[in-house]
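Let's take a walk through a protein model together. Keep the sequence and the picture side by side while you read.

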Amino acid sequence: MASRLSSSTVDTQISASSEPFEIPKITKFKIGLCQLTVTSNKNDNVAHAQKLIKAAAKQGASLVMLPETWNCPYSTDYFEEFAEDFDDKDGSLSFAMLSEVALGNGITIIGGSMPERRKNQLHNTCCVFGPDGNLKAKHSKMHLFDINLPGDISFKESDTFTAGDQPTIVDTDVGRIGIGICHDLRFPELAMLYQARGAHLICYPGAFNMSTGELLWELEQRARQYCQMRRLRSVLFLSANLYVLIFHFQNPGQLITREALPLEKQRRGDVYRLVDVHQQKPWKYKNFDTYECVEGWLV
């Protein structure tokens with residue numbers, strides 16, 4: 001089995017990634033987005049995901065991403081049963097597979113998300129593995145999906161999962177990546193925070209339902225792309241499961257638009273500010289334990 005880092009080491013790496021990071025000298029690279037039909041058989045799900053990751057690597061992908069809860073049906077009936085303690089080497093089948101296949105193929109894996117058991121709580125967690133098979137970062141879904149549309153869908157992710165309270169940025173061979181999971185996409189403040197920390201890519205593994213997914217999924221990706229990112233950042237939005245959409249942030253038309261409409265210069269920092277509360281740095285940023293809006297005239 002590939003070696004793995006302790007939780008304390010991972011936390012240190014995440015903190016370090018807030019420092020300036022030189023963009024890797026890569027002109028282009030391939031990304032593999034793996035879609036799979038999830039069943040109630042965990043072993044089958046793990047084997048299927050492993051096969052898809054290897055196929056993507058064989059076709060030249062250096063960054064591979066899985067969907068949200070790829071090893072488990074997206075249902076509160078299964079989260080507890082399928083959850084893994086990632087510190088338990090013998091009981092974490094899904095975690096171990098991702099580590100081994102990353103090492104065996106020399107790739108970076110954005111491991112979708114898996115139910116994680118941690119300190120008597122369950123989290124919806126994305127694990128990022130480097131080409132050496134080591135765990136580089138973990139992101140626990142911060143914005144839990146609770147919805148009630150009478151006659152259509154009623155679901156409360158918060159009945160089972162505990163929300164994460166840490167934004168996650170990780171430095172990889174292909175650039176600095178910010179991580180979100182599905183419903184995290186709906187909150188522009190998180191994307192803005194990642195922009196402020198120098199993210200080159202933002203990855204949102206997702207499993208949108210059909211009630212709101214078709215209406216909002218592409219719209220929200222475009223909103224995060226065009227409204228939050230700096231003109232000179234190269235940003236990819238990756239999603240897997242319901243749709244596979246990749247938006248390249250920059251093209252000549254967008255460069256002209258950013259020059260003609262310089263939103264960063266037009267922001268009213270004297271009226272409002274956004275603060276990264278983990279670093280206590282004001283910036284142009286509703287989960288108030290992670291970021292907060294501040295009215296400038298009150299500060």
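Is F129 buried or exposed? F129 is buried, because its relative accessible area is 0%. Here, buried means under 20% relative accessible area, exposed means over 50%, and partly exposed is in between, using a 1.4 Å probe and protein chains only.

A quick word on the ground rules. This is a predicted model, where local features need pLDDT of at least 70 and side-chain atom pairs count only at pLDDT 80 or more, while totals for chains, interfaces and linings use all residues. Residues are numbered from 1 along each chain as its sequence is written, and side-chain values use heavy atoms, with hydrogens and water left out.

**Ring pairs**

Rings of Phe, Tyr and Trp (its six-membered ring) pair if their centres lie within 6.5 Å; planes under 30 degrees apart are stacked, over 60 edge-to-face, and the rest tilted. The structure holds 5 aromatic pairs, and here are two of them:

| Pair | Centre to centre | Angle between planes | Type |
|---|---|---|---|
| Y78 and F82 | 5.7 Å | 75 degrees | edge-to-face |
| F95 and F129 | 5.0 Å | 75 degrees | edge-to-face |

Helices (H or I, at least four residues) and strands (E, at least two) are DSSP runs, numbered from the N terminus. F95 is buried as well, at 2% relative accessible area. In the other pair, F82 counts as buried because its relative accessibility is 2%, whereas Y78 counts as partly exposed at 27%. Ring pairs also link Y74, F79 and F161 into a cluster.

**The cores**

Next, the nonpolar cores. A nonpolar core is a set of buried Ala, Val, Leu, Ile, Met, Phe, Trp, Tyr and Cys residues joined through side-chain atoms within 4.5 Å. The largest one has 23 residues, and I53, L66, W70, M97 and L98 have the most contacts inside it. Helix 2 (42–58), strand 2 (61–65), helix 4 (93–105) and strand 5 (121–129) each supply at least two residues of this core. There's a second, separate core of 16 residues, and L63, A137, I177 and I179 are among its members.

**Two helices side by side**

How do helix 2 and helix 4 sit against each other? They pack at an angle of about 15 degrees, with their axes 10 Å apart. Axes are lines fitted to C-alpha atoms, for helices over the stretch in contact, and angles run from 0 to 180 degrees between N-to-C directions. The two helices are therefore roughly parallel to each other, a label for angles under 35 degrees. Contact means heavy atoms within 4.5 Å, and the residues making it include V46, A49 and I53 of helix 2 and M97, L98 and V101 of helix 4.

**Helix 5 and some positive phi angles**

Helix 5 (residues 188–196) is mostly covered, with 7 of its 9 residues buried. Among those buried are L190, M192 and Y194. After helix 5 comes G198, whose phi is positive, near 90 degrees.

N120 has a phi of about 65 degrees and is found in the loop between strand 4 (114–118) and strand 5. N120 counts as exposed, because its relative accessibility is 81%. C182 has a phi of about 45 degrees and lies in the loop between strand 10 (175–179) and helix 5. C182 counts as buried, at 5% relative accessibility.

How values were computed. Angles under 35 degrees count as roughly parallel, over 145 as roughly antiparallel, 65 to 115 as roughly perpendicular and the rest as oblique.
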